[in-house]
Amino acid sequence: MIVALRCLAPAAPDDNPFSMFAGWDTGQLVWLAILVPIAVMVFFVGSRRYRSQLGAGSITPRGRDRFVPGGRGRRDAAWRATVERLEARPPATIAEASDGPLRVEGELVWASGNLGGAPGRECVWRNRAGAGPQTAVAADLVIVADASGRCGVEQLEGARVTAPVDKAGAHYESTSLHVGDRVEVIAMFEREVVGEHEDPAQLVYGTLGADGRVSIRVIERPPPAAASPDDAQSDAPDNEP
């Protein structure tokens, strides 16, 4: 019993709480400083979405739309007007953005999951060309970054996406979003600065699209990375006897 109580006793005041990082080099600490805000953002978004679904489920009858008849049409019309107004203005900077409708331009730099693809160019959203959002598949959360900072984009599976068409077969065409794409995002912004970092451009300043209204347009898609000679050699057949 005495041994067990000693194990549960708090550390002595002179114990170093950072001793676990003693063997880490500078590069590992930099990656830790970058990834911790993103991990906190993923937890924040997930818990908020769970709470919103729990609250909606407790007040919305099963099988019924939470909007009154005709309400969605008016909502969409008002949102289209908002999109047109934002498109007529220069894009905002993420670090200086405040709550409300927002248009930003930046690069997709990270996603909570992906649909495959080359490292650094993974697909994070895909749908059949011309199909509605009900058939799209997407990551739960992506991070878009501009020169000033980063923000999360939620509800990506229901977004209105304008992207290049990919020829996937003789009778099948699809559209997609990839890490590395430069995009325009228009959605409702909720400011919530997450984490600490000596470089303000690495901070996450909030989320876009919590209410489900998200419009994304691909501005520029970098060409696929060329295969390195080492990759080509590793793919070559082994001719040894």
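Predicted model: local features only at pLDDT ≥ 70, side-chain atom pairs only at ≥ 80, totals over all residues.
Reader: How much space lies in the second largest pocket?

Author: Residues are numbered from 1 along each chain as its sequence is written, and side-chain values use heavy atoms, leaving out hydrogens and water. A pocket is an open set of points on a 1 Å grid over the protein atoms alone, where a 1.4 Å probe fits, with protein on both sides within 12 Å along at least five of seven lines. With volume taken as the space filled by probe spheres set on the points, the second largest pocket holds about 380 Å³.

Reader: Which element gives the largest share of the lining of that second largest pocket?

Author: Lining residues have an atom within 4 Å of a point, and this pocket has 24 of them. Helices (H or I, at least four residues) and strands (E, at least two) are DSSP runs. Strands E2 (123-128) and E6 (160-162) are among the elements that each supply at least two lining residues. The largest share, 5 residues, comes from H3.

Reader: Is Ser 174 buried or exposed?

Author: Ser 174 sits in strand E8 (residues 172-178). Its contacts (heavy atoms within 4.5 Å) include Arg 126, Pro 164 and Asp 166. Buried means under 20% relative accessible area and exposed over 50%, with a 1.4 Å probe and protein chains only. Because its relative accessibility is 4%, Ser 174 counts as buried.

Reader: What is the bridge partner of Arg 126 in E8?

Author: E2 and E8 run antiparallel, joined by 5 bridges; strands pair if DSSP finds at least two. In E8, the partner of Arg 126 is Ser 176.

How values were computed:
Lists of a residue's contacts leave out its neighbours within four places in sequence.
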